[in-house]
Amino acid sequence: MWTAKFSSISVGTGCFGKDEAIVTKVNKRKEGKIFVKCAVNTKTQKPDKAVRIGVLGASGYTGSEIVRLLANHPHFGISLMTADRKAGQSIGSVFPHLVSQDLPDMVAVKDADFSDVDAVFCCLPHGTTQEIIKGLPKGLKIVDLSADFRLQDISEYEEWYGQAHRAPDLQKEAVYGLTEILREEIKSARLVANPGCYPTSIQLPLVPLIKANLIQYRNIIIDSKSGVTGAGRGAKEANLYTEISEGIYSYGMTRHRHVPEIEQGLSDAAHSKITISFTPHLMPMNRGMQSTIYVEMAAGVTIEDLYQQLKISYQDEEFVILLEKGVVPHTHHVRGSNYNLINVFPDRIPGRAIITSVIDNLVKGASGQALQNLNIMLGYAENTGLLYQPLFP
């Protein structure tokens, strides 16, 4: 270890950037202290990024979150953004909070040039994605944030989404992107189907318990609540301020489109068909999601067994955090971050347990998990660009 004594160092053109630090004056009268003056350029030079990213559907909430997260990614740079209704506009004009980003203007999908793109985040609405992805260059790595490739059974997709699957061959290739559960499969994938927000918050705590045979496959009851951004950015009467504020309401009763996705993941873990009771609710908040899950424990199993299994399953994970015993997860404590906070509690009914899981529906429930997946697909540390701490209050 070494030490140096300086007193006043002023730096020209930058603050210890590459080839920028120039010592111009040393004042020995205050020996032992370092004073650094930085003259920061108001126009920063855009660094070259190794991976060129296309964001399809950049004018939606999940698209804008991708842009926000990539702003600090050292390896991924955006070279293409599409938004059919906002074609020709800058990202800063559509999302003023991103005005600092020096990015290409958005174009219509039909006019997109993929010759300067290595990987794509597809943030387009359900039902439109299959045809578009089918037409993309075969060499691209793709993470699709819609529901169009999540269901392995294309007949089930038709049943729940009301239209025939338009890319059945691609469906065979798609890998479901629940990162902490299917990491190895994601590594070699070309097309990843990013999970939905509700399924993410539900499967992460339940899958390890099902695999360990600690809970019964029957009578799983899930009560989930989401912020309004989960409904997308489109203008809808049901999402007006006066319709949402000062109240909550249930929707998609027994027929929410995330039901088959949740049951698919849980059934795969159990190697047996699982049917759930799932009711989502819309909350008067912008972002955030909580799933409260009621389960019946297997014979002889205790709450401590459930807690220890979750601890073992996630002790080495960056983004899934089992809280200390008795601590209740809050949506406030994950806002703007890629974290999933979970905990398990004893029910008053003997033999039953209550599991609580919270995420930010736009980050871990969408764009953050998508970035986590693409990091893995391209061989980068999966937390790259995702170490934003939650925004509180």
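Tutor: Start with F95, which counts as buried because its relative accessibility is 5%. Buried means a relative accessible area under 20%, exposed means over 50%, and partly exposed is in between, with a 1.4 Å probe and protein chains only. This is a predicted model, in which local features need pLDDT of at least 70 and side-chain atom pairs count only at pLDDT 80 or more, while totals for chains, interfaces and linings use all residues. Residues are numbered from 1 along each chain as its sequence is written, and side-chain values use heavy atoms, with hydrogens and water left out.

F95 sits in the loop between α2 and β5. Helices (H or I, at least four residues) and strands (E, at least two) are DSSP runs, numbered from the N terminus. The chain has eleven helices and 15 strands. F95 lies 7.9 Å from S59, C-alpha to C-alpha, though 36 residues separate the two in sequence.

S59 leads on to K86. K86 touches S59, V94 and M106, leaving aside residues up to four places away in sequence. Contact here means heavy atoms within 4.5 Å. K86 belongs to the loop between β4 (76–82) and α2 (91–94). Its relative accessibility is 31%, so K86 counts as partly exposed. Another pairing in space is K86 with V107: 21 residues apart in sequence, 7.5 Å apart C-alpha to C-alpha.

Now take helix α1. Eight of its ten residues are buried, so the helix is mostly covered. The buried ones are G63, S64, E65, I66, V67, R68, L69 and L70. They pack against β3 (51–56), β4, α2, β5 (119–122) and α11.

Of those partners, look at α11. The axes of α1 (residues 61–70) and α11 (residues 363–377) come within 9 Å and cross at roughly 50 degrees. Axes are lines fitted to C-alpha atoms, for helices over the stretch in contact, and angles run from 0 to 180 degrees between N-to-C directions. The two helices are therefore oblique to each other. For the terms: angles under 35 degrees count as roughly parallel, over 145 as roughly antiparallel, 65 to 115 as roughly perpendicular, and the rest as oblique. The crossing of α1 past α11 is right-handed. Right-handed means that the near helix is turned clockwise from the far one by less than a right angle; left-handed is the anticlockwise case. From α1, the contact uses T62, E65, I66, R68, L69 and L70; from α11, V363, A366, S367, G368, A370 and L371. By class, these residues are seven nonpolar, three polar and two charged. Ala, Val, Leu, Ile, Met, Phe, Trp, Tyr, Cys and Pro count as nonpolar, Asp, Glu, Lys and Arg as charged, and the others, Gly among them, as polar.

An unreviewed UniProt entry annotates C197 as "active site". UniProt positions are given in the numbering used here, feature names are shortened, and annotations may be inferred rather than shown by experiment. C197 is buried, with a relative accessible area of 12%. It lies in helix α7 (residues 197–211). Beyond residues up to four places away in sequence, C197 touches H258, M289, I359, N361 and G365.

H258 is itself buried, at 9% relative accessibility. H258 occupies the loop between β10 (249–250) and α9 (259–270).

The crossing is right-handed. P199, I202, Q203, L206, V207, I210 and K211 of α7 face E261, I262, G265, L266, A269 and A270 of α9 in this contact. The classes are nine nonpolar, two polar and two charged.

L204, P205, P208 and L209 in α7 meet L306, Q309, L310, S313 and Y314 in α10. This contact has seven nonpolar, two polar and no charged residues.
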